[in-house]
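Student: I would like to go through this model by its contacts and its strands. Please begin with the terms.

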Amino acid sequence: MADPWQNAMDHAVAVARKAGEVVCDALRGDRAVMTKSSVVDLVTQTDQKVEQLIIQSVKEKFPTHRFIGEESVAAGEPCVLSDSPTWIIDPIDGTTNFVHAFPFVAISIGFAINKQVEFGVVFSCVEDKMFTARRGKGAFCNGEPLQVSRQEAVEQAMVATEFGSDRDADVVDKIFQSLRNILCLPVHGVRGAGSAAINMCLVASGCVEAYYEIGIHVWDVAAASLIVSEAGGVLMDVEGGDVDLMSRRIIAANSKTITERLVKAIVPFSLPRDDATPPKKS
């Protein structure tokens with residue numbers, strides 16, 4: 001039986017590659033920077049340009065589909081994941097990296113039906129790495145199959161995380177307490193690419209055993225969550241239990257064993273959910 005969403009996935013790959021060309025071109029020139037929720041929550045004209053490129057391209061081919069886009073939500077659009085076919089888009093995951101020409105930026109496109117991600121595309125455009133996954137059909141990088149690490153000992157694990165854009169002192173204290181707890185498990189090391197999507201693809205690739213973060217958004221992790229799962233990985237909330245992509249909290253790891261060790265080490269806290277975003281005022 002033919003895959004009913006293969007055409008959509010092929011389009012996602014094609015538009016991600018086109019968006020990557022725009023991003024790489026912009027990296028060679030001036031990058032005008034604006035801010036959103038704080039002085040460290042950055043956005044550029046390229047973020048906005050790329051999101052519109054993706055949405056317009058998809059609308060032309062799939063006019064009834066819905067969208068959740070980082071910059072659209074920032075502009076006041078509601079963040080609602082319904083049962084309808086929905087494209088979840090981060091035009092530049094790693095905007096701060098992009099601003100500083102730090103070479104880890106990605107275009108992230110997830111596609112969900114009935115609130116379940118059916119395919120994910122993450123294009124690390126500077127590296128020219130196209131990560132893809134289709135539910136039940138595996139995960140790939142540039143066409144080569146991905147498999148998570150088989151390392152079960154947390155003491156021999158590499159862990160990825162990020163510090164986010166919240167500079168509230170209490171939040172920062174909890175972030176560093178978690179970091180201290182994890183370093184003292186101990187683990188081999190802690191790294192961060194500056195992009196949630198790329199960090200999760202590193203888990204899927206077997207380069208790191210786990211990634212965790214509190215403060216990410218659904219558009220950061222939707223596509224990569226399926227890439228991790230299809231590579232044999234595990235997704236969990238930072239307090240255990242099933243991950244909720246709208247909760248802004250996630251652990252993505254190679255195994256349940258390492259995930260459970262991280263759950264015990266992480267100091268949990270909650271932030272406003274993505275689906276609590278108020279709709280745009282008329």
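Tutor: A salt bridge is a side-chain nitrogen of Lys or Arg within 4 Å of a carboxyl oxygen of Asp or Glu. The model is predicted: local features need pLDDT of at least 70 and side-chain atom pairs count only at pLDDT 80 or more, while totals for chains, interfaces and linings use all residues. Residues are numbered from 1 along each chain as its sequence is written, and side-chain values use heavy atoms, with hydrogens and water left out.

Student: How many salt bridges does a search of the whole structure find?

Tutor: One of the pairs is Lys256 with Glu260, at 3.9 Å from N to O. The search of the whole structure gives a total of 15.

Student: Which residue forms a salt bridge with Arg134?

Tutor: Helices (H or I, at least four residues) and strands (E, at least two) are DSSP runs, numbered from the N terminus. Arg134 lies in strand β7 (residues 129-134) and its partner in strand β6, so the pair ties together parts that are 16 residues apart in sequence. The closest N and O atoms are 2.8 Å apart, and the partner is Glu118.

Student: Are Arg134 and Glu118 buried or exposed?

Tutor: Buried means under 20% relative accessible area, exposed over 50%, and partly exposed in between (1.4 Å probe, protein chains only). Asp3, Glu118, Arg134 and Lys137 are linked in a network of salt bridges. Of these, Arg134 and Glu118 are both buried.

Student: Where do Lys256 and Glu260 lie?

Tutor: Lys256 is exposed, with a relative accessible area of 52%, and Glu260 is partly exposed at 37%. The two are four residues apart, about one turn of the helix, and both lie in helix α8 (residues 256-265).

Student: Why is strand β5 largely enclosed by the rest of the structure?

Tutor: Ala106, Ser108, Gly110 and Ala112 point one way from β5, and Ile107, Ile109, Phe111 and Ile113 point the other way. Strand β5 (residues 106-113) is largely enclosed because eight of its eight residues are buried.

Student: How many bridges join β5 to strand β6?

Tutor: Two strands pair if DSSP finds at least two bridges between them. On one side, β4 (residues 86-93) runs antiparallel to β5 with six bridges. Strands β5 and β6 form a hairpin with two residues between them, and Asn114 in the turn has a positive phi of about 55°. Strand β6 (residues 116-124) also runs antiparallel to β5, and the bridges joining them number eight.
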